[in-house]
Amino acid sequence: MPDLVELVVNVLRVVLTIAALTALVDCIRQPAQAFGYVGRLSKPLWLGLLAVAAAFIFVAPVSILGLAGVVAMGVYSADVRPKIRELT
């Protein structure tokens, strides 16, 4: 049974880290002015949040810090990214 738990944690680690890095790359590609136009945090702040989120998810996906990373990634992907895509 411990092998199954390790497998699940490792799969979560890989999938969530890839998702966080994808959000980070998307944030890098967006123009900085777009963040101000949609009334959200600035681009440098989102870059920092997503970079730290990816690190937390990679290091400890099943912890409070990993959960905070998933929340930050989710907020960017579900709220900020669609609004910026409408502008560009």
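Rings of Phe, Tyr and Trp (its six-membered ring) pair if their centres lie within 6.5 Å. The partners are Trp46 and Tyr76, 5.6 Å centre to centre. Their planes are 55° apart, so I noted the pair as tilted (under 30 degrees is stacked, over 60 is edge-to-face, the rest is tilted).

I checked where they sit. Trp46 is in helix α3 (residues 43-59) and Tyr76 in helix α4 (residues 64-87), 30 residues apart. Helices are DSSP runs (H or I) of at least four residues, numbered from the N terminus. Both Trp46 and Tyr76 are buried, meaning under 20% relative accessible area with a 1.4 Å probe, protein chains only.

Next I turned to α1. Which residues of α1 are buried? I listed Leu16, Thr17, Ala20, Ala23, Leu24, Asp26 and Cys27. The buried residues of α1 pack against α2 (32-37), α3 and α4.

How do α1 and α3 lie to each other? Their angle is about 165°, with axes 9 Å apart. Axes are lines fitted to C-alpha atoms over the stretch in contact, and angles run from 0 to 180 degrees between N-to-C directions. The two helices are therefore roughly antiparallel (over 145 degrees). Contact means heavy atoms within 4.5 Å. Among the residues making it are Leu16 and Leu24 of α1, and Trp46 and Leu50 of α3.

Ground rules: residues are numbered from 1 along each chain as its sequence is written, and side-chain values use heavy atoms, without hydrogens and water. In this predicted model, local features need pLDDT of at least 70 and side-chain atom pairs count only at pLDDT 80 or more, while totals for chains, interfaces and linings use all residues.

Notes. Buried < 20%, exposed > 50% of the residue type's maximum accessible area, 1.4 Å probe, protein only. Parallel < 35°, antiparallel > 145°, perpendicular 65-115°, else oblique.
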